[in-house]
Amino acid sequence: MAEIVVTGGNALAGNVSVLGAKNAVLKQQVAALLAPGKHMLENVPHIADVELMSEVLSFVGATCELEDHTLVIDVPDDITPEAPLDLVRQMRASILVLGPLLARCGQVRVALPGGDDLGARPIDMHIEGLRQLGVDFELRHGVLEGHVADGLVGAEVHLDFPSVGATENILLAAVLARGETVIENAAREPELEDLAVFLNAMGANISGAGTSTIRVLGVPTLNAATHRVVPDRIEAGTYAVAAAITAGEVVVSGCVPDHLRMELRKLQDAGCRVEAGEDWVRVLGPKRPNAVNFATLPFPGFATDLHPQVVALLAVADGTSVITENVYEARFKYIGELARLGADISTDWQHAVIRGVPFLSGCPVMAPDIRAGAALILAALRAEGYSTISAAEHVDRGYEGFVDKLAALGADIEYHA
Ligand code: UD1
């Protein structure tokens with residue numbers, strides 16, 4: 001297990017830049033399967049999840065090469081419509097091959113992902129949406145098998161909840177379906193909008209991405225394309241919180257502050273000074289944050305992927321904060337680890353009550369997932385003394401050079417592989 005060692009107390013200062021969004025790249029990697037040829041994605045981070053998705057593509061028959069943050073994806077004419085259990089288990093986003101493989105091959109075999117650290121996480125909306133486009137599904141021995149008898153046909157799909165993954169899987173199939181598909185109550189996340197930009201560059205006809213109603217006019221074929229991936233708002237938000245929690249002053253560049261409107265507003269409420277330009281944001285942290293309430297919601301609501309980091313900040317607030325997690329059923333697993341550092345937090349179903357304490361004190365903790373791992377590192381930056389964060393490889397799934405970037409901002413932090 002990789003371990004990160006932090007000695008807390010340094011106020012971070014300086015400039016840090018962010019790369020393309022993990023949650024956009026992964027979808028664009030599978031989208032490339034829709035058209036043979038050489039695709040190019042720019043601004044791609046070197047992170048473990050991109051490597052895992054490259055393995056999924058390799059199983060399907062495509063190759064991915066990442067050099068200098070440019071990912072070249074070479075997709076052959078013939079591909080294998082299958083994703084195996086070990087890869088799907090390691091990364092749920094693998095399930096997004098369903099749409100492209102059904103569209104390209106008329107059939108698919110994908111191991112059904114189980115639950116994970118964030119809860120049961122079913123894919124019923126993915127399946128139901130694709131069914132409406134003409135797919136027959138059967139579950140055999142833990143493998144989801146899909147067949148399209150007579151080509152995909154556009155349909156009107158109403159989602160119960162604006163699921164990011166379900167919207168993407170339906171979109172990825174609809175681009176090559178006959179006729180028009182309308183997705184109602186679609187997710188509006190910037191990464192989904194960016195997927196539509198890439199698909200349109202490939203020759204798709206999508207309008208309304210970024211709003212609740214997405215319209216897709218199917219086209220017979222798509223072509224390979226080049227695209228620059230949208231900046232990672234969660235990476236940017238994490239460095240903003242790093243400035244806030246250490247009472248530091250950090251400029252995060254290469255980001256889109258507009259994608260962090262709600263989260264930056266909450267940082268201001270917590271007492272941070274926030275200034276933003278078109279592609280940068282400066283955050284000046286207070287000596288001690290104010291208590292703030294928030295509730296996670298689909299975009300443009302407060303991002304669930306920034307919830308643990310902001311809870312780490314509120315752990316040292318002057319006052320009591322109440323937060324509500326509306327997206328996942330089990331996102332509070334890291335609270336026990338934060339409590340080891342001295343945080344005073346109680347949870348009840350999807351609510352957490354955070355009674356701010358003046359000091360945290362360093363100790364060994366374990367990262368349960370990517371974002372909670374980042375949150376524990378941020379808390380350790382504030383804590384007195386020495387902390388070790390084990391299972392640090394979780395953090396490598398979502399952040400390129402997290403430790404190096406924090407060290408360059410003045411943190412006392414080391415990575416032990
Ligand atoms: C994506 C992001 C993840 C982020 C989440 C919400 C990627 C790779 N991951 O995950 O980092 O936290 O969006 O912004 O982009 N659900 C169902 N049935 C379904 C689909 C979803 O019940 O068919 C539930 C999930 O269990 C979860 C909630 O809906 O509780 C949100 O899921 P969804 O928006 O689909 O998130 P992901 O696409 O999995």
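Biologist: Which residues do ring pairs link into a cluster?

Modeller: Please note at the outset that this is a predicted model. The residues linked by ring pairs into a cluster are Tyr239, Tyr399 and Phe402. The search over the whole structure finds 3 aromatic pairs.

Biologist: How is the pair of Tyr239 and Phe402 to be described?

Modeller: In general, one describes a pair of aromatic rings by the distance of the centres and the angle of the planes. For Tyr239 and Phe402 the ring centres are 5.7 Å apart and the planes stand at 45°, so this pair is tilted. Tyr239 belongs to helix 8 and Phe402 to helix 14 (residues 402–408), so that the pair links distant parts of the chain, 163 residues apart. Tyr399 and Phe402 form a tilted pair as well, with 4.6 Å from centre to centre and 35° between the planes.

Biologist: Is Tyr399 buried or exposed, and what of Phe402?

Modeller: Tyr399 has a relative accessible area of 2% and is buried. Phe402 counts as buried because its relative accessibility is 4%, the cut-off for this class being under 20%. Tyr239 is likewise buried.

Biologist: At what angle do helix 8 and helix 10 pack?

Modeller: Helix 8 (residues 233–245) and helix 10 (residues 307–314) pack at about 5°, and their axes are 10 Å apart. The two helices are therefore roughly parallel to each other. Helix 8 contributes Ile234, Thr238, Val241, Ala244 and Ile245 to the contact, while helix 10 contributes Gln309, Val310, Ala312 and Leu313. By type, the residues of this contact comprise 7 nonpolar, 2 polar and no charged.

Biologist: How many residues of helix 10 are buried?

Modeller: Helix 10 is mostly covered, with 8 of its 8 residues buried. Among them are His307, Pro308 and Leu314.

Biologist: How many residues does the largest nonpolar core have?

Modeller: As a general idea, nonpolar side chains in soluble globular proteins tend to be buried together. Here the largest nonpolar core has 80 residues, and Leu34, Leu199, Ile206, Ile214 and Leu222 are those with the most contacts inside it. Another core, of 75 residues, lies apart from the largest one; its members include Ala236, Val241, Val250 and Val403.

Biologist: Which residues does Ile214 touch?

Modeller: Leaving aside residues up to four places away in sequence, Ile214 touches several partners, including Thr167, Leu171, Val182, Ile183, Leu192 and Ile206.

Biologist: Where is there a cis peptide bond, and which residues other than glycine have a positive phi?

Modeller: Pro300 is placed in the loop between strand 18 (294–295) and helix 10. Ala247 has a positive phi of about 55°; this residue is in the loop between helix 8 and strand 15 (249–253). Ala391 also has a positive phi, near 60°, and lies in the loop between strand 23 (386–390) and helix 13 (393–396).

Biologist: Is Ala247 buried or partly exposed, and what of Ala391?

Modeller: Ala247 is partly exposed, with a relative accessible area of 32%. Ala391, by contrast, counts as buried at 3% relative accessibility.

Technical notes
Residues numbered from 1 in each chain as written. Predicted model: local features only at pLDDT ≥ 70, side-chain atom pairs only at ≥ 80, totals over all residues. Heavy atoms only, no water. Axes fitted to C-alpha atoms, helices over the stretch in contact; angles between N-to-C directions. Helix = DSSP H or I, 4+ residues; strand = E, 2+ residues; numbered from the N terminus. Parallel < 35°, antiparallel > 145°, perpendicular 65-115°, else oblique. Contact = heavy atoms within 4.5 Å. Nonpolar A, V, L, I, M, F, W, Y, C, P; charged D, E, K, R; others polar. Core = buried A, V, L, I, M, F, W, Y, C linked by side-chain atoms within 4.5 Å. Buried < 20%, exposed > 50% of the residue type's maximum accessible area, 1.4 Å probe, protein only. Phe/Tyr/Trp six-rings, centres within 6.5 Å; stacked < 30°, edge-to-face > 60°.
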